[in-house]
Each structure stands twice: as structure tokens, then as C-alpha cells.
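Work through these exercises with the model open. Each task is followed by its solution, step by step.

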Amino acid sequence: MKAVILAAGKGTRMKSDLPKVLHEIEGKPLAEYVKEAAKAAGADKICFVIGYKKEEVKKRLDSPGVTFAVQDEQLGTGHAVRCAEEFIGIEGDVMILCGDTPLVRGETLKKAAEHHRENANAVTVLSTRVDNPFGYGRIIRDKDGAFLKSVEEKDATDEERKTNEVNSGMYIFKVKALKDALGRITNDNVQGEYYLPDTLQIILSDGGKVGAYVMADKEELLGVNDVNQLNEAAKILARRKKDV
């Protein structure tokens, strides 16, 4: 098991020149929390995809077992993962995680990986159910509960937007299925970006098995995009520490 952590964005809404993933909670960068969770889940090799102020990010996050891939232009999550193809290799499983989600637990990622393998999935998307799904990509299932597709908010129909199961942006792929699909995604969407979730549909159409692992704690998908969300994440981490 390897892990790719997407950490290339600037984080404009943070109102700071500091790269988003280097903002700290209790003296630790956001991306460091994600790396620790990946390692706790069994990922022995980690690759950060970096872009904005890449040298600063690299210097701060460098440690044994960590490598870096560069995304010079931010052209979407699918493009970001393509930038790490050399690291991903040709076999095994790879977790794709977000560098701005410090609340995800290693235990959750480990359970998702077990679910992925037990069900012989080509890809498993981590999802959760939220009270207000606005802004999130939706997980669409058929009447029997099987995965149909993941659709971005902007591209969803009114009916699809009513679904409260959302895509966390975290995945576990069989490497071969990921690599076969990555080269075939397009930027034919509202944002003009290469969406990683589009690989799910390609894998399905190839006959691969796609599943969604529902995280019990919806707090774990919370990303940090502004100072308010940074403060909220800090409160949650402090509460967890207190509860131990």
C-alpha cells in the first residue's frame, strides 16, 4: 500500500501567502496529520503532490519514506494524480488523500483498505452522509445500493443533488485500474478540469468493481479551506485528545 497526498494548492481563501497544507494545528502542518493517518493505515511509502511554493512545502514535509511529485499547473485532481504516476508504479494498491483533511483517522483508512480488499474492489471511494451536502460531489447508488457514479455538485442534476451521501475526495485504487483509467479522463466539464472521480465511471465501464465505504464519523471528511475551518478543525482535534 502506497499513499499519494494532494498538496499543490495555494489556498486562496486562507488569505495568506503560506501554502494551505502548511497551516498548522498545535504546531503541526495540516498535511502532516494526513501523512500520519496514511502511515497508521499501512502505507509504507508516501508521495506529496506539490505545486504552489513547492520548495517551501518540500522543506517542511520532507522525512524518511516521503517523496514528492510536482504539479506546476493546477488542472484538477485527476491531473494531480497523473503527476505522481512514476511513484504509483504498476502494482498493488494506492490511497489518494487530500493534504487539507487533518481530521481523517488512520483507523478509518485502515478499515476502508480492508473493505476494499475483502470486496475485491478495483476502487473504493470513501464517503459519508451529511446533513447539508451542498458543495460536495454526490455518490449515486442504484435501487439495490450498488455504486452507480460520483458526480460533482456543478454537474449534478436537481435529483442527484438531493442525495446526502457525499464523496470525501479520498480513494483506494488498485494501481492497474487507476493507471488504465487516468489516461482516459477528459476536461469536458463546467470547470474545464480533469476530475479524479471520472476514473470511477471508466473503471465501471471496463467491468471493474467500484465500491463506496461510508465513514461513520462525518467530521473526518472536513477540509480546511479558510481560517474558520482551520479553527474548527483545531477544536475537534483538541476534543479528541481530551476524550482519549
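**Exercise 1.** In which loop does Glu 26 lie?

First, the ground rules. The model is predicted: local features need pLDDT of at least 70, side-chain atom pairs count only at pLDDT 80 or more, and totals for chains, interfaces and linings use all residues. Residues are numbered from 1 along each chain as its sequence is written, and side-chain values use heavy atoms, without hydrogens and water.

Step 1. Find the strands, which are DSSP runs (E, at least two residues) numbered from the N terminus.
Step 2. Glu 26 sits in the loop between E2 and strand E3 (28-29).
Step 3. Check the backbone. Glu 26 is not a glycine, and its phi is positive, near 55°. Most residues other than glycine have a negative phi.
Step 4. Check exposure. Glu 26 counts as exposed because its relative accessibility is 53%; exposed means over 50% relative accessible area (1.4 Å probe, protein chains only).

**Exercise 2.** Locate Lys 15 and state whether it is buried or exposed.

Step 1. Lys 15 is in the loop between E1 and strand E2 (24-25).
Step 2. Its phi is positive too, near 55°.
Step 3. Lys 15 has 73% relative accessibility, so it counts as exposed.

**Exercise 3.** Sort the lining residues of the largest pocket into nonpolar, polar and charged.

Step 1. Apply the classes: Ala, Val, Leu, Ile, Met, Phe, Trp, Tyr, Cys and Pro are nonpolar; Asp, Glu, Lys and Arg are charged; the others, Gly among them, are polar.
Step 2. The lining of the largest pocket then splits into 21 nonpolar, 19 polar and 9 charged residues.

Technical notes
Helices (H or I, at least four residues) and strands (E, at least two) are DSSP runs, numbered from the N terminus. Buried means under 20% relative accessible area, exposed over 50%, partly exposed in between (1.4 Å probe, protein chains only).
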